[in-house]
Amino acid sequence: MSALLEVEELQVTFGGRTAAVRGASFRVEKGETHCLVGESGCGKSVTALAVMSLLARGGHRSAKRMSFAGTDLTSLSDREMARLRGNRMAMIFQEPMTSLNPAFTIGSQMAEVLTRHKGGSRAAALDRAAELMGRVGITAPGMRLGQFPHQLSGGLRQRVMIAMALMCDPELLIADEPTTALDVTVQAQILRLLANLKREFGLSILLITHDLGIVARVADHVSVMYAGEVVERATTAELFRAPQHPYTRGLLSCVPVPGRVQRDKPLGSIPGVVPAIGAGFAGCAFRSRCAHADETCTRAIPRRPAGDAHDYLCRLAPDWAELQPA
Amino acid sequence: MGRQFGDTVAFAWPARECGGALVGPGVLVMLRLIARRLAIGVLVAFTVMTLAFLLTRLSGDLAISIAGPSATQADVEIVRKAYGLDRPLYVQFFAWTGRAMVGDFGQSYFFKDSVANLIQKRLPITLTLGLVGLSLALVISIPLGILAALRENTWIDRSVTLFTMVGQAVPSFWLALILMIVLGLQLGVLPISGTGTWQHFVMPGIVLAFTAIPALTRLTRSGMIEAMASDYIRTARAKGLSRARIIFKHALRNAAIPVVSIAAVQLGFMLGGSIVIETVFALHGVGYLGWESIAKNDFPVVQAVVLVLAVFYIGLTLLADILNALLDPRLRTG
């Protein structure tokens, strides 16, 4: 397998000061679902937006390497990047209620993606839109095409967003918390849909989530983000079997697992909050919340391999598991 | 086809797929909205008629002012009888409203002409001036507002803000005089008064436009800033649409909704509020007629002018509501 999307040392700053992403590195292989997981504010959405060149004004990105299907994304002009977006790489968002333009019909908003990138008639684009709406499980697509966003439920709107993202048959779909705003049953439907589409369309998916349950269900590979860094990367099975970074372990201990939660033992939690990272920060960003931190954590932290396609960012060796808290 | 009503991007999905009905729910919602607004409009017009009638009576004994300062008591009584002012107030009121309904506003005391004729002659001038003013205002303020929004917090944005503030603060008679001096006298490119040619409407149009430009510019600016920061614009960018399409189709369409309705209402203000400008430029429009008639106690004309301007205002407000519903599908579909 070769990587479809390769990001190395991605840095994103806002207004030249606040560092939202500090050297994130990850690879999305062809045909896989890659999850970026982390708590709010860890920079996972910003990472996705930076890949798409969709950062808000004032946002600045730089990267040692950022390539998509062999194309160096950092060297593309705005115009060239716009030619990729919606065409070969598509994105869906967390807020299906507000992500569609209230003033235009569903059909008009879907059709313009195809006519923009592939040309062709509007009628052909509408046919394609209706076909894709059927594929993502929207009933009566012909009627939906003439409707406006406010006439659709949140789940339907997210399906429309997904269908719209598929208009040009993209290679990569970036999904930024696509189910967070939806209720649980709809969440499950959307996740199943994404898994099916991945197979049918040969899509690679970069899925951003804070929900480890979702990671366990759909991801092939996982990158755990903390304070703008990818602190651990592994296959999903490996990550859940043998997490290495103290933060990953902390996260996993917070998840209630039916049958394993004991009545008189409290569920795990990570003390403290994500620290604000200012300029000149060095060492491990997790050290203020880590039970194993010592003075070496203030220096540069090595990326340690921990098996096949598994590495993590910590001073502790992979066999630290038996260590008692410092 | 009801669903596509007003969708500027012609969207012709076959009706059979839309439930087959020729009259969609959108048209019904629109008709109900128009009917409701029309009913309110009629009530407002009736209220204005009542107020216009009562206020002219409140300004003093009309018989005395018509008869003039040198008239004797007997003269005043003759005038009172001749003009029907001796009748009870409600009889006068219903006599007037009854005739006004069919477009008969009586005779002017001063101009020796029917009020309807007077207004008919003057109205084109005021309407021309209003439309020129509004067109100029839109042509200037919408691009300016978009520009300021896209360059938010830069010197361009600040210059636009300064321009709107100055525009708001400058009295229109002063601006009119400055323009007359510069364009009319020093450069000699435009006539300074009268209504003979289209050039006569340029300067008054500019001055009138300035009464609406500040509000419209600021509204466009804030609407565009809000739209450009919205999630659906992020989606449009994620779709790889061109910058022009994102700005002029996706953002402007939403930002334009309040601008359009305010512009319609502004035109109402312009029609009624052009008295100063009509006076300065010697444009004999309705506003000027109203002013003359007030000065001369020509109360049938005053009442009619007030009513005509009010009806225009009501009509434009109705138009604003309809345009709003056409632009915003949430207002016309269930």
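1. Start with a helix pair in chain B. H9(B) passes H10(B) in a right-handed crossing. This is a predicted model, so read each point below with that in mind. The axes of H9(B) and H10(B) cross at roughly 145° and come within 10 Å. Those two values belong together: two packed helices are described by the angle between their axes and the distance between the axes.

2. Which residues make this contact? From H9(B) come B:Tyr232, B:Ile233, B:Ala236 and B:Arg237. From H10(B) come B:Ile246, B:His250 and B:Ala251. Look at the numbering within each helix. An α-helix has 3.6 residues a turn, so residues three or four places apart point the same way. By class, the contact of H9(B) with H10(B) has 5 nonpolar residues, 1 polar and 1 charged.

3. Now turn to the contact between the chains. Chain A supplies 34 residues and chain B supplies 28 residues. On the chain B side, the elements that give two or more residues are helix H9 (231-238), helix H10 (243-273) and helix H14 (329-332). Which of them gives the most? H9(B) does, with 6 residues. The side of chain B that touches chain A holds 10 charged, 9 polar and 9 nonpolar residues.

4. Helix H5 (residues 115-150) and helix H8 (residues 202-228) of chain B have axes that come within 6 Å. They cross at roughly 35°. The crossing of H5(B) and H8(B) is right-handed. Their contact divides into 22 nonpolar, 6 polar and 1 charged residues.

5. Helix H4 of chain B covers residues 89-101, which is 13 residues. At 1.5 Å a residue it should span 18 Å, and the end C-alpha atoms are 18 Å apart, so the two values agree. Just after H4(B), B:Gly103 takes a positive phi of about 85°.

6. How confident is the predictor? The model scores ipTM 0.89 and pTM 0.83. Chain B has a mean pLDDT of 85, and 92% of its residues reach 70 or more. Among the elements of chain B, H9(B) has the highest mean pLDDT, at 95. The lowest, at 79, belongs to helix H2 (residues 62-67).

7. One stretch needs caution. Over residues 1-23 of chain B, pLDDT stays under 50. The model has 41 contacts beyond four places in sequence for these residues. Where pLDDT is low, the predicted coordinates should not be read in detail.

Key. Residues numbered from 1 in each chain as written. Chains lettered and ligands numbered in written order. Predicted model: local features only at pLDDT ≥ 70, side-chain atom pairs only at ≥ 80, totals over all residues. Contact = placed C-beta atoms within 7 Å. Helix = DSSP H or I, 4+ residues; strand = E, 2+ residues; numbered from the N terminus. Nonpolar A, V, L, I, M, F, W, Y, C, P; charged D, E, K, R; others polar. Axes fitted to C-alpha atoms, helices over the stretch in contact; angles between N-to-C directions. Left-handed = near helix turned anticlockwise from the far one by under 90°. pLDDT = per-residue confidence, 0-100. Expected span 1.5 Å × (residues − 1).
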